Amino acid sequence: MITVVGTGTGAPPPEDILGAAELVVGGRRHLDAVRLPSGAEQVVLGPLAPALDRIEAYVAKQAPVVVLASGDPGFFGIVRVLAERFGAGLLDIRPGVSSVAAAFARAGLTWDDAVVVSAHGREVRTAVNVCRAHAKVAVLTGPGAGPAELGAALLHSERVLVVASALGDPERERVERVTPREAAARDWGTAVSVVLCLDEARFPACTRGPVGAGRAVPRAPSGRCRTARPATTDPRPAAGLRTVAGPGVGPDRWALDEGEFAHRDSMITKFEVRALALARLGPRLGDLVWDVGAGSGSVAVECARLGAAVVAVEKTGDGVERIRANAAAHGVDVQVLHGSAPGVLSGLDDPDAVFVGGGGGDLPDIVTACARRARRAVVVAMAALDRVPAVREALTAAGFSCDGVLLQSSRLAPLPGDVTRLAATNPVFLLWGVRLQVPQAPQVPNETKGVAQ
């Protein structure tokens with residue numbers, strides 16, 4: 001049996017379990033914090049492969065093994081690796097308090113409505129996009145993906161970061177509330193465990209008043225925050241208690257009717273076109289989507305409702321306000337950029353997918369600029385037949401496979417006498433390009449700390 005014990009933020013390992021172990025595996029700080037049985041072999045976790053090989057040798061001779069991990073080892077932790085190698089039936093898991101649960105407890109906030117994302121050994125851009133799109137996020141950090149990197153990527157957001165360092169260490173634990181700019185300017189060392197990224201308009205942090213660099217969240221003797229918590233931290237209407245953890249299980253519908261958005265003179269992507277555009281864009285949690293020539297922002301809002309971070313680019317002032325109003329009405333975060341493409345796109349992070357609407361003479365140039373930056377897909381809607389060849393050429397020249405359709409639907413419409421006719425909508429060309437080779441995330445070897453949180 002391999003006993004996996006979560007330590008650090010919870011109770012110490014049971015003495016009977018630890019005392020019977022012939023092999024004890026864990027990080028140096030975990031091994032130093034316990035009294036190890038005499039004669040037991042110790043393996044300090046670094047790269048996982050050698051440690052797994054030693055565990056396998058002891059399993060083969062049916063000798064008891066204890067693995068010490070941080071917090072809850074089944075939560076972005078080493079349990080996944082052990083189960084894949086040795087089978088779940090061989091594991092006896094004794095979870096501690098996860099670093100995420102501990103961080104939210106220190107901040108005095110519930111977390112059944114939070115999104116949790118790991119940035120350890122992974123691209124930080126996914127965590128950043130989740131923080132942009134959601135109002136309450138916990139990020140498990142790692143080398144090159146800590147508070148400084150998150151802060152630098154969120155400089156222009158309204159978020160506040162609660163940085164929980166060395167959780168569970170009575171001497172080194174520190175919980176601080178900083179702005180993204182303050183986080184970006186500091187060297188946080190290697191002790192950071194989890195960062196909470198909050199939209200304080202909906203999820204007030206424990207402290208009140210101005211945010212100060214290095215300011216610790218005040219703690220009462222009981223370990224809870226001194227200030228009162230809001231009556232509810234869930235921005236959505238709710239009847240009774242929450243029954244599903246997380247910010248929501250996704251929208252109940254998409255391709256919303258045009259009447260659910262404010263728009264000018266029916267200048268809005270019709271729901272039939274929007275449905276196919278969404279299918280080709282594939283917006284999801286952790287993605288960044290551009291909506292270029294956003295108009296009313298209907299595509300931007302729908303992508304945000306599906307979990308993506310979204311930037312809506314619009315050149316008219318009244319359009320900008322309309323997009324903001326539509327985003328607020330649907331309870332999503334959309335970053336609205338006032339300016340003309342392609343020039344205004346240069347300061348943005350590279351998107352996973354781009355939707356381009358409109359049909360001006362500069363459309364091929366805009367599509368070219370978007371295609372050079374898009375990691376996965378570009379979808380273009382246009383009414384003019386004359387623009388189709390140039391847009392198709394722009395997509396293929398940028399390394400995309402290209403396909404498309406002419407969408408022309410007829411909707412049921414009433415006539416006098418309680419009868420119905422078909423009312424044709426304007427035809428729209430929808431072209432989409434899919435990158436032939438999707439950029440790969442850099443491969444980071446598994447290391448000790450991140451496999452257990």
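In this predicted model, the side chains of Arg274 and Ser298 are joined by a polar contact of 3.4 Å. Arg274 belongs to helix H9, which spans residues 271–281, while Ser298 is among the buried residues of helix H10.

**Arg274 and its surroundings**

- Arg274 has a relative accessibility of 0% and therefore counts as buried, the limit for that class being under 20%.
- Leaving aside residues up to four places away in sequence, Arg274 touches Ala255, Leu256, Glu258, Phe261, Ile268, Thr269, Ser298, Val299 and Glu302.
- Of these neighbours, Ser298 also makes the side-chain polar contact with Arg274.

**Helix H10**

- Helix H10 comprises residues 298–305 and is mostly covered, with eight of its eight residues buried.
- The buried residues are Ser298, Val299, Ala300, Val301, Glu302, Cys303, Ala304 and Arg305.
- The cover over these residues includes helix H9, strand S11 (288–292), strand S12 (309–314), helix H11 (317–329) and strand S14 (353–356).
- After H10 comes Gly307, which has a positive phi, near 110°.

**Aromatic pairs**

- Three aromatic pairs are counted when ring centres must lie within 6.5 Å.
- One of them is the edge-to-face pair of Phe75 and Trp111, with 6.4 Å centre to centre and 75° between the planes.
- This pair links distant parts of the chain, its two residues being 36 residues apart. Phe75 lies in the loop between strand S4 (65–70) and helix H4 (79–86), and Trp111 lies in the loop between helix H5 (99–107) and strand S6 (115–118).
- Trp111 also forms a stacked pair with Phe104, at 6.2 Å centre to centre and 5° between the planes.
- Which residues do the ring pairs link into a cluster? The cluster consists of Phe75, Phe76, Phe104 and Trp111.
- Is Phe104 buried or exposed? Phe104 counts as buried because its relative accessibility is 0%.
- Trp111, by contrast, has a relative accessibility of 32% and so counts as partly exposed, a class that lies between 20% and 50%.

**Charges over rings**

- The charged end of Lys61 is placed over the ring of Tyr58, at 4.3 Å from the ring centre.
- The ring of Trp188 has the charged end of Arg186 over it, 3.9 Å from its centre.

Definitions and conventions. Residues numbered from 1 in each chain as written. Predicted model: local features only at pLDDT ≥ 70, side-chain atom pairs only at ≥ 80, totals over all residues. Heavy atoms only, no water. Phe/Tyr/Trp six-rings, centres within 6.5 Å; stacked < 30°, edge-to-face > 60°. Helix = DSSP H or I, 4+ residues; strand = E, 2+ residues; numbered from the N terminus. Buried < 20%, exposed > 50% of the residue type's maximum accessible area, 1.4 Å probe, protein only. Lys NZ or Arg CZ within 6 Å of the ring centre and 35° of its normal. Polar contact = N/O pair within 3.5 Å; in protein donor to acceptor, adjacent residues only side chain to side chain. Contact = heavy atoms within 4.5 Å.
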